[in-house]
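Please look through the structure shown below, and then follow the report from the surroundings of the ligand to the strands.

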Amino acid sequence: MSVLEVDNLTKTFGGLVAVDDFSLEVDEGEIVGLIGPNGSGKSTVFNCIMGLYDVTDGEIRFNGVDITSDSTHQIVAKGLSRVSQESNPIDLYSVSENIRLFTLPNSIRSLHGGASDEEIREYAARIDIEDKLHEMPSELPHADVRRLEIAKSLATEPELMLLDEPFAGMNQAEIGELAAQIERFREDGMTMVVVDHNMGGLMELVDRVVVLNNGDFLAAGTPAEIAADDAVQEAYLAGEGLQ
Ligand SMILES: Nc1ncnc2c1ncn2[C@@H]1O[C@H](COP(=O)(O)OP(=O)(O)OP(=O)(O)O)[C@@H](O)[C@H]1O
């Protein structure tokens, strides 16, 4: 069954059509890659799904329920979460406190000041930063700051996670580690959509790839099919190239 259905999504900014009649279905337990040259509309699709942008046209359903007009808070409460391409930890708070903040929207927990220390440790352990809980974000190397962003997202207990450029700025070893951690989330029952420009890391990880170009659906297939697709190669050659 489809966990996420994006039907004929259109998003305009004034005269600019950022996403043009785009559809996407994601099945339970899948890891889908959403790729496309710079400015093709990938982050806009994520922002529409998360209720951060008003949708111009189309419908978005999560587990069969229309969430198109829901607020971000309602969408997160239903089990969707996004790891943004920018890291924005609160520098005055420790890693642990940053994660705890994301457990607060849950009304039962908020009465008790968020998740317990043990629960925070478990979220951090899922992304291997449990030994960094007492550090400040500014003391962390880049890869751990990105892992903290993922831990914050895990703390909302998502069923479906949207990851926007998780591999950006990471070296090959860090990309391999993160891909293995993301694979573990799937084993724990999570469904994911991943946007990234690092084709090596992404193509190894995903089951299926959907390609956007100028806000339009261009192609879909297995990583091998997409790597060999002439239209995809052409779209990328106009930009940064498909590596
Ligand atoms: N808030 C906004 N206001 C106006 N235009 C926007 C806004 N957000 C995105 N756009 C425009 O929509 C188009 C798609 O942008 P988007 O960021 O979704 O692309 P992307 O595929 O995620 O790009 P990248 O890979 O560079 O992150 C671009 O032309 C961008 O300038």
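In this predicted model, helix H1 gives the largest share of the shell around the ligand, namely 3 residues. The residues around the ligand are Phe13, Leu16, Ala18, Gly36, Asn38, Gly39, Ser40, Gly41, Lys42, Ser43 and Thr44, and the elements that give two or more residues to this shell are S2 and H1. Sorted by class, the shell holds 3 nonpolar, 7 polar and 1 charged residues.

Helix H1, which spans residues 42-49, lies across S1, S2 and strand S4 (57-62), and runs at about 115° to S1. An open sheet of 4 strands has the order S2-S1-S4-S5, with antiparallel pairing. Strand S2 (16-27) and strand S5 (65-66) stand at the edges of this sheet with a single partner strand each, so one side of each has no neighbour in the sheet.

Strand S3 (residues 31-35) is largely enclosed by the rest of the structure, because 5 of its 5 residues are buried. In a regular strand, the side chains alternate between the two faces of the sheet. In S3, Ile31, Gly33 and Ile35 point one way, whereas Val32 and Leu34 point the other way, and all are buried.

| Strands | Direction | Bridges |
|---|---|---|
| S1 (residues 2-13) and S2 | antiparallel | 8 bridges |
| S3 and S8 (residues 191-195) | parallel | 3 bridges |
| S3 and S9 (residues 208-213) | parallel | 4 bridges |

Methods
Residues are numbered from 1 along each chain as its sequence is written. This is a predicted model: local features need pLDDT of at least 70, side-chain atom pairs count only at pLDDT 80 or more; totals for chains, interfaces and linings use all residues. Two strands pair if DSSP finds at least two bridges between them. Two residues are in contact if their C-beta atoms, placed from the backbone, lie within 7 Å. Axes are lines fitted to C-alpha atoms, for helices over the stretch in contact, and angles run from 0 to 180 degrees between N-to-C directions. A residue is near a molecule or strand if its C-beta atom, placed from the backbone, lies within 6 Å of it. Ala, Val, Leu, Ile, Met, Phe, Trp, Tyr, Cys and Pro count as nonpolar, Asp, Glu, Lys and Arg as charged, and the others, Gly among them, as polar. A residue is buried if 20 or more other C-beta atoms lie within 10 Å of its own, exposed if 12 or fewer, and partly exposed in between; C-beta atoms are placed from the backbone.
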